[in-house]
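Let's take a friendly walk through this model, starting with its open spaces and then turning to the fold and the core.

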Amino acid sequence: MNGTLVVFRREFAAYFSTPLAYVFLAFFLVLTGLYQWAFMGFYQADQASLQALFSGLPWLFLALIPALGMRLWSEERRSGTMELLLTLPISVPQAVLGKFLAAWAFVGVALLLLTSEWVTVAYLGDPDHGVVLAGYLGAFLMAGSYLAFASLVSALTKNQVLAFVVTLVLLLVNLTIGFPGVADWLGGVLPAFLHQTIKDTSFLVRFDAISRGVLDLRDVLFFLSSVALCLFANAAVVDLRKGA
């Protein structure tokens, strides 16, 4: 665990050592603010709720988290610093977990800043704070799943652009199969069991339930299991490619 903490501190501090972190955070806040207040017509809806914002987060994350995750291992392999990192008295799983937790904590900072939206809506009306809190929790869990997958893809290639594109495309496919219109179409062409199984693997479906205030343990376990599975595969890939 000490090794994980060392890597976590190193990686988390590195995010704020360059202006890119602040650009990322500012872009995220501007993008989510525009989506909530302009594109989704908050004032026209005449309802004190963050549901519009939460409905857009799975798609907004597509523009941000693949960009954040693409460098986790691709840059280490490209620059040759992976070997240096792994010569430290830490195991591969500790290195993988530390880098992931640092990236996840960075996204947590972004979501923490996003609570300004919650404060604003609470000032303008009387939202259901339990539902809002569940939405933020769901967003954090979903972001973790996105990042774990992005980290796995990043470990498979030295090319950051390729890691970004592959992550973006595969996450987009995952979200699309949970989109109501597409899910209904799949239901008409696939056997019921297969259709339900595919639909249940969509991050969009799992997050949508939580963001509406339905905090089902199965949805929470789905996100945590997807993180664990991706990180396990990530560690296996890094271990196989040491020195490659």
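How much space lies in the largest pocket?

## The largest pocket

About 380 Å³ of space lies in the largest pocket of this predicted model. A pocket here is an open set of points on a 1 Å grid over the protein atoms alone, with protein on both sides within 12 Å along at least five of seven lines, and lining residues have an atom within 4 Å of a point. The volume is the space filled by probe spheres set on the points, which are joined across faces, edges and corners.

The lining has 18 residues, and Leu20, Ala21, Phe24, Leu68 and Arg71 lie nearest the centre. Two or more lining residues come from each of α1 (2–15), α2 (19–39) and α4 (51–69), with the largest share, 5 residues, coming from α2. Sorted by class, the lining has 13 nonpolar, 3 polar and 2 charged residues (nonpolar: Ala, Val, Leu, Ile, Met, Phe, Trp, Tyr, Cys and Pro; charged: Asp, Glu, Lys and Arg; polar: the others, Gly among them).

## The second largest pocket

The second largest pocket has a volume of about 280 Å³. Of its 16 lining residues, Gly178, Pro180, Leu204, Asp208 and Arg212 lie nearest the centre. Helices α4, α11 (180–189) and α13 (203–211) each give two or more residues to this lining, which has 9 nonpolar, 4 polar and 3 charged residues.

## Fold and core

The protein chain has 14 helices and 0 strands (DSSP runs numbered from the N terminus: H or I of at least four residues for helices, E of at least two for strands). Of its 244 residues, 45% count as buried, meaning under 20% relative accessible area with a 1.4 Å probe, protein chains only. Among contacts with a separation of 6 or more, 77% join residues 24 or more positions apart; a contact means heavy atoms within 4.5 Å.

In the largest nonpolar core there are 64 residues, and Leu57, Phe61 and Tyr146 have the most contacts inside it. Helix α9 (residues 129–155) gives the most to this core, with 14 residues. Such a core is a set of buried Ala, Val, Leu, Ile, Met, Phe, Trp, Tyr and Cys residues joined through side-chain atoms within 4.5 Å. Beyond its neighbours within four places in sequence, Leu57 is in contact with Phe28, Thr32, Leu114, Ala139 and Met142.

## Notes on the model

Residues are numbered from 1 along each chain as its sequence is written, and side-chain values use heavy atoms, leaving out hydrogens and water. As this is a predicted model, local features need pLDDT of at least 70 and side-chain atom pairs count only at pLDDT 80 or more, while totals for chains, interfaces and linings use all residues.

Conventions
Buried means under 20% relative accessible area, exposed over 50%, partly exposed in between (1.4 Å probe, protein chains only). On a 1 Å grid over the protein atoms alone, a cavity is a set of points where a 1.4 Å probe fits but cannot get out, and a pocket is an open set with protein on both sides within 12 Å along at least five of seven lines; lining residues have an atom within 4 Å of a point.
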